[in-house]
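Me: I am new to this structure and would like to learn how to read it feature by feature. Could you take me through it slowly?

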Amino acid sequence: MKYFENISDIVVELSEESFSSVIVWGYPEFVSLSLLLALCYASPRQERRFPDDFLFGTATASYQIEGGWNADGDTYNNYARDVEMMRELGLDAYRFSLSWARILPNGLANQINEPGVEFYNNYINEMLKYNITPMITLYHWDLPQKIQDLGGFLSPIFPEFFEDYARVVFERFGDRVKHWITFNEPREICYEGYGSSTKAPILNATDVGTYMCAKHLVLAHARAYHAYDKDYRSDQGGVCGITISVNWFGPLTDSEEDNFAAEIQRQAEWGIYAEPIFSEEGGFPKEFAERVAKNSEEQGYPRSRMPEFSPEEIEFVRGSADFFGLNHYTAFLISAAEHKQWYPMPSLYTDTDVGTYRPPEWASAASSWLKLAPNSIFNALTHLRNKYNDPVFYITENGWSQPPGSGLEDDDRITYYRAALNSVLDSLEAGVNLKGYMAWSLLDNFEWMEGYTERFGLYEVDFESSEKTRTPRKSAFIYKEIIRSRTIDPEYEPPTRTMWIDEGH
Ligand SMILES: C[C@H]1O[C@@H](Oc2ccc([N+](=O)[O-])cc2)[C@H](O)[C@@H](O)[C@H]1O
């Protein structure tokens, strides 16, 4: 039985618990939903504020914005304008990634491309001049060709190559950069790259590719983390974590079967990367690993298609992160029996064997996978907080796409951001240790397989112009006001269409 002193605490709890178990402080009788809602609306709503030290930022990735692939090197030529945009928005932080190949052209650490290092030095220094905290991702999907030729993430040597690269980066930039993210979205690297055909390198290895990649990626992450911890942290004083794509997967119904199916989906989508690092036990998530082993046996494989970690590897990986970065965009409802798709070959999705569903009333973005799902940030963060013993979190990506030519009045995006940031406030009020939020994205960019057909920018980019002109959308003004006031005013309308830089930024 739980007692509450504030109505707001009850509201938070209500999203996690069934209504009938809630008892109002001082009145130990059950209360109906209608009474509770009446109380919420009748009491004057306190202004909800983001903490002063909460980092508001935006995110990008090298391959999606830099251009200049064959130069000694767009942002590559326009970085000063991009930092000016960060100042216009009043950002506290900026998350971006390094191009491994721009620093180490053949992937290995024997040959460093000094002009590439200088580009990143200038970029970082320009941010620091205006008190914008750089948050760097070491790997956001652009692998040097030679590392791919050597087997990419399927090679057991991959973790060594990654550690060598990480050391060069810590050495060259760690005096000024204090927030490190090893990998962006292991699921997209491993499932989409090695377990399906939606991202490079598109290998025909769906049965084992995802799981082999997962093991090597997690070991590579841990090697970079330990290198930082042992040899750089004492001088540089920064933090090192990983960014995992965490969409929310809740049960379609309250049945035990659907609840278990949702858990299996969570384990397959992000548990295989998060569990080895953040759980107390370490290693791959138990129920899903058992399922893959059973399926493998039935399919005639001599051993599980999912590799194991040795006890030493489990210890090495366990606890190897100072924070949990999550890219969060949407949610899915999971069913044990309905809405299933057929997959022709053994793969992660024949292993999960669940159905996914989104109600038609959830608004759709330009990206087929992206829908506005209610409370999904709150659901994901409170679940992870409980599961992994209250880690520090950063939301390292969250955003909304529109088709090209949608113009500057991006009201759908504004609706999405306000809903997301209200869910962030709910999470903070529930005690989640969330330190920052990075909107995806600062500017329109190259959206992987979808090219330039999906636009995520707070700033529109005119890709036809030689200067690649950047113009703030309405959402940029709304985000700027949220950052300035540390509150979300649902009525706020920007007074002008002119961006300015506040004094002191
Ligand atoms: C728009 C950004 O998307 C990030 O990647 C994904 C991929 C798939 C999903 N999903 O829910 O299915 C979410 C995010 C990526 O990190 C970033 O680079 C952008 O492309």
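Me: Which residues in helix 4 meet which residues in helix 6?

Reply: Before the answer, please note that this is a predicted model, in which local features need pLDDT of at least 70, side-chain atom pairs count only at pLDDT 80 or more, and totals for chains, interfaces and linings use all residues. Residues are numbered from 1 along each chain as its sequence is written, and side-chain values use heavy atoms, with hydrogens and water left out. Contact means heavy atoms within 4.5 Å, and helices (H or I, at least four residues) and strands (E, at least two) are DSSP runs numbered from the N terminus. Here T75, Y76, Y79, A80, D82, V83 and M86 of helix 4 meet P115, F119, N122, Y123, E126 and M127 of helix 6. By class, this contact has nine nonpolar, two polar and two charged residues, where Ala, Val, Leu, Ile, Met, Phe, Trp, Tyr, Cys and Pro count as nonpolar, Asp, Glu, Lys and Arg as charged, and the others, Gly among them, as polar.

Me: At what angle do helix 4 and helix 6 pack?

Reply: Axes are lines fitted to C-alpha atoms, for helices over the stretch in contact, and angles run from 0 to 180 degrees between N-to-C directions. Helix 4 (residues 75-89) and helix 6 (residues 114-129) pack at about 10°, with their axes 9 Å apart. Helix 4 is therefore roughly parallel to helix 6, a term for angles under 35 degrees.

Me: Which residues are closest to the ligand, and how many surround it?

Reply: A residue is near a molecule if one of its heavy atoms lies within 4 Å of it. The ligand is surrounded by 15 residues, and the closest are Q64, H140, E185, N247 and E447. The shell divides into six nonpolar, five polar and four charged residues.

Me: Which polar side-chain atom lies 2.9 Å from an oxygen atom of the ligand?

Reply: A polar contact is a pair of N or O atoms within 3.5 Å. The side chain of W448 has a polar atom 2.9 Å from a ligand oxygen, while for N184 such a distance is 3.0 Å, and an N or O atom in the side chain of Q64 is 2.7 Å from an oxygen of the ligand.

Me: Where is the cis peptide bond with omega of about 10°?

Reply: That bond joins A200 and P201, and P201 lies in the loop between helix 9 (186-194) and helix 10 (209-231). Another cis peptide bond, with omega of about 20°, joins W440 and S441.

Technical notes:
A polar contact is a pair of N or O atoms within 3.5 Å; within protein, one must be able to donate a hydrogen and the other to accept it, and residues adjacent in sequence count only if both atoms are side-chain atoms. Angles under 35 degrees count as roughly parallel, over 145 as roughly antiparallel, 65 to 115 as roughly perpendicular and the rest as oblique.
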